[in-house]
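This report describes the disulfides of one protein model and a sheet within that model. The sequence and structure come first, and the description follows.

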Amino acid sequence: MRVNEKYSTLPAEDRSVHIINICAIEDIGYLPSEGTLLNSLSVDPDAECKHGLYLRDGRRKVDYILVYHPKRPSGSRTLARRVQHGDAAPAARGTRQDQPLPGKGDVGAAGGPEPPMDYHEDDKRFRREEYEGNLLEAGLELERDEETKIHGVGFVKIHAPWNVLCREAEFLKLKMPTKKLYHINETRGLLKKINSVLQKITDPIQPKVAGHRPQTTKRLSYPFSREKQHLFDLSDKDSFFDSKTRSTIVYEILKRTTCTKAKYSMGQGEGRKKDSALLSKRRKCSKYGITSLLANGVYSAAYPLHDGDYEGENVEFNDRKLLYQEWASYGVFYKYQPIDLVRKYFGEKIGLYFAWLGVYTQMLIPASVVGIIVFLYGCATVNENIPSMEMCDQRHNITMCPLCDKTCSYWKMSSACATARASHLFDNPATVFFSVFMALWAATFMEHWKRKQMRLNYRWDLTGFEEEEEAVKDHPRAEYEARVLEKSLRTECKSKERRHIPEESTNKWKQRVKTAMAGVKLTDKVKLTWRDRFPAYVTNLVSIVFMIAVTFAIVLGVIIYRISTAAALAMNSSPSVRSNIRVTVTATAVIINLVVIILLDEVYGCIARWLTKIEVPKTEKSFEERLIFKAFLLKFVNSYTPIFYVAFFKGRFVGRPGDYVYIFRSFRMEECAPGGCLMELCIQLSIIMLGKQLIQNNLFEIGIPKMKKFIRYLRLRRQSPPDHDEHGKKRQRYEADYTLEPFAGLTPEYMEMIIQFGFVTLFVASFPLAPLFALLNNIIEIRLDAKKFVTELRRPVAVRAKDIGIWYNILRGVGKLAVIINAFVISFTSDFIPRLVYLYVYSQNGTMHGFVNHTLSSFNVSDFQNGTAPNDPLDLGYEVQICRYKDYREPPWSEHKYDISKDFWAVLAARLAFVIVFQNLVMFMSDFVDWVIPDIPKDISQQIHKEKVLMVELFMREEQGKQRLLGTWMEKDRKKDEPCNSHGPKAGLDSPEYPGGAP
């Protein structure tokens, strides 16, 4: 029996489409039910005081909400769902009263003209009626409310009774706490004292939430079973399943409930023209209900309710208010997160995200401290750096070659003194140590998170949770089912054409509908293969390559802007402008890059989602993983391409004076400063990182949801009639939650943190303060995300998860890539290796004196190509014969002038050797850290083993009790049978009255 048929409401052979002519249908009424499906058009004071959290009786909780837009039925007569022949309980279907909407009269009753038929709305209404009837048959209790303060919006309130909760909890294998309590093994000796001291120290920064402190006892958990209800504490059935669990159970029923018997309105004339559109809609309403119905607009929204208001004087205390006070407030930024309460309210998947974000933020503290120390070391030793002192020394009088053709003139190296001194802040021996430290930090962070994750799995009873169990709930997506149905219909049509079966033209629509229903039965056998997805795969490949090419083209455009702007500023008459050309060009180019990156991030996110949709993944998990991969790839290239250019390509393919490399034969490739490109890389990295965090991660997250909420409020207010009293009474909970932003998943939240993790690790050798800025951002980010989840978003459906999924593999990949990139940054972008080579090979006195002169080559100005020499060769006040440029080449007086010198090959060999040694050493150290630190903490593994032993003992005692009870019953039966088996026959045989008896 398949999952979707386990609680199927109709027999398989009766699943067909009924064709109904609306004009021929008489008024059909429903039998009244006992409040199962109600149309709450009157205000109930008991429900009013509950503010929409309960049904009208004030006792049954509202576990889920379905939202739709009620419309007048076509014609003046009322249409209702027919009671199927053979239904066991027709009264359980409830009632459906189509009353006039508030502010509108009954046109039919007033004798006015009939409104035009709207077959599309009838189709939606029929499907809603059938779907809600199936929900009733599945055991849920519904209540409708169409008279709300939100004009034109109706709500269906869903309540799951106790028997349904028990049935579904057993089906979903939900682990629930039993009556059995056991003591958690506590640390002893020195560790206990240390933990006690740490608890006292951290007490002020602990949230004031019950159960946040380490517990000494824990309840044994076991998958819920109706046969073993005696194991669980059912004294309070209302709170045994919390609101998060109740909404999860209802959502599973909503996904599983079928919608395959919808009756389609088929009139005459115009209705015939709409048959193909209706068939297309029918194909989209496949086996699984709520996802298809939401996709087709039958329902406009579906969501669980928040527990209540989070602020106000007379607000009843609830988990949402507690989260707002102790978690979602900027005033508690210094406190730990109440992760257990977050999990209790939002579910394991969201709880794991915030737990991961908290661990990441905590791990940034030591990285920030070490980064500050490295930066301060650079500040303290800047005056002792001999190469920068030589560059700033006016006495050296080094004349440099022009930075551009014609308009640029010769310039003094001492004019770049400020850049050289600033470069030492980030380009010093301590940065090498910091790069090694950050590689080990990344490995330690991953291991620490795995251990934290195992602790959370133990606390949240996820240790026995496997992906196979989750696969039971992993239904195919509505789009996938629609594609499979289309494929099955095509296959059926082709097979009929081969058999040459004649088809009557008068029954063409009926034949098409039967074919569609036959396709429904084929969807279990038919699957989408790679041939079906091949066009989508080609589109994906071409689109991704094109988007990457667009990113490269934009970077090229920024390069041309830098070159042309530098040439234009070089013609300026102001000496201050000419001396700050590099800083000006770099800063403006980075700002342009930042704006482009932010815009393209939004575009690439939409393109990645579209590319994933046309692939038609089968399940939501597969859809999410493919979307994450595409979005990460595009955003990674978009964010880091400008930084990669500065780090590894700028100044590498310049050429030399007299033989420069040109772009489009007009723009000469730009060069690095005499102190190297590391300072420019630092500026690029810092502006992009800080700009993305400030604008994209914070301002967008604050501004866009508020703007959407304001626009939604204006739209609802404009749609409401003037006489509709908006403020006459307090809004119900489901009305207030409807105005909130729908939950769009955790992908954007993870994505921005992964990109930030790349900024922190990939180029940390050039910007040691990156961990500090990431730490400051994350302190705000945690509270910003928390406030968004608590106040701005509808409550998401709780999802069970035991890890962070594909994001962990992406983090590991970024950590491995960071080792390689930092090795190349230190080796090729900074001057660390050339300095070492000069110090140990070429230095005459074992010091760095003469290093700057060693890295500069000479050029005879008479060797300039025609039209490239400076227009004003006397700009410095004297005639220049020899100018210098940064490269390892032979001098003009050499036999092989301007050829690459032996020094270049020596430095290159040292750089490559450093990359190999650094990469392998750091990789080995990272793997060693991974091997030394166990994934599962020892105490957690002991507790898991202890739980298994206790569970076995519990069932053994239960079996022994059953055996003793059975033995007692058998003993009583045996004793009762003994008098009958011994005294009865004996008395008959020995009696004197018995013939032949004893005398």
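Two strands are said to pair if DSSP finds at least two bridges between them. Helices (H or I, at least four residues) and strands (E, at least two) are DSSP runs, numbered from the N terminus. The model is predicted: local features need pLDDT of at least 70, side-chain atom pairs count only at pLDDT 80 or more, and totals for chains, interfaces and linings use all residues. Residues are numbered from 1 along each chain as its sequence is written, and side-chain values use heavy atoms, with hydrogens and water left out.

**The sheet**

Strand E2 (residues 64–68) pairs with E4 in the antiparallel sense, over five bridges. Within this pairing, Ile65 stands opposite Lys157 of E4. Both strands belong to an open sheet of four strands with antiparallel pairing, in the order E3-E4-E2-E8. The edges are formed by E3 and strand E8 (301–303); each has a single partner strand, so one side of each is left without a neighbour in the sheet. From one strand to the next, the twist averages 15°.

Helix H6 (residues 243–256) lies across E2 and E4 and runs at about 45° to E2. Here contact means heavy atoms within 4.5 Å. Axes are lines fitted to C-alpha atoms, for helices over the stretch in contact, and angles run from 0 to 180 degrees between N-to-C directions.

The loop between strand E3 (141–145) and strand E4 (154–159) contains His151. His151 is buried, at a relative accessible area of 18%; buried means under 20% relative accessible area, exposed over 50%, and partly exposed in between (1.4 Å probe, protein chains only). His151 and His69 are 82 residues apart in sequence, and their C-alpha atoms are 9.2 Å apart in space.

**The disulfides**

A disulfide is a covalent bond between the sulfur atoms of two cysteines. In this report the term is applied to a pair of cysteine sulfur atoms within 2.5 Å. By this rule the count comes to three disulfides.

| Disulfide | S to S distance |
|---|---|
| Cys392 and Cys417 | 1.9 Å |
| Cys401 and Cys883 | 1.9 Å |
| Cys404 and Cys408 | 1.6 Å |

In the pair of Cys392 and Cys417, the torsion about the S-S bond is about 95°, so the disulfide is right-handed. This pair links distant parts of the chain, with Cys392 in helix H13 (residues 386–392) and Cys417 in helix H14 (residues 417–426), 25 residues apart.

The link of Cys401 and Cys883 is right-handed, with 85° about the S-S bond. Cys401 lies in the loop between strand E9 (399–400) and strand E10 (411–412), and Cys883 in strand E16 (residues 882–886), so the pair ties together parts that are 482 residues apart in sequence. Cys401 is buried at 4% relative accessible area, and Cys883 is buried at 0% relative accessibility.

The link of Cys404 and Cys408 is right-handed, with 90° about the S-S bond. Cys404 is buried, with a relative accessible area of 11%, and Cys408 is buried, with a relative accessible area of 6%.

**Further buried cysteines**

Cys166 counts as buried at 2% relative accessibility. Cys682 is buried, with a relative accessible area of 4%.
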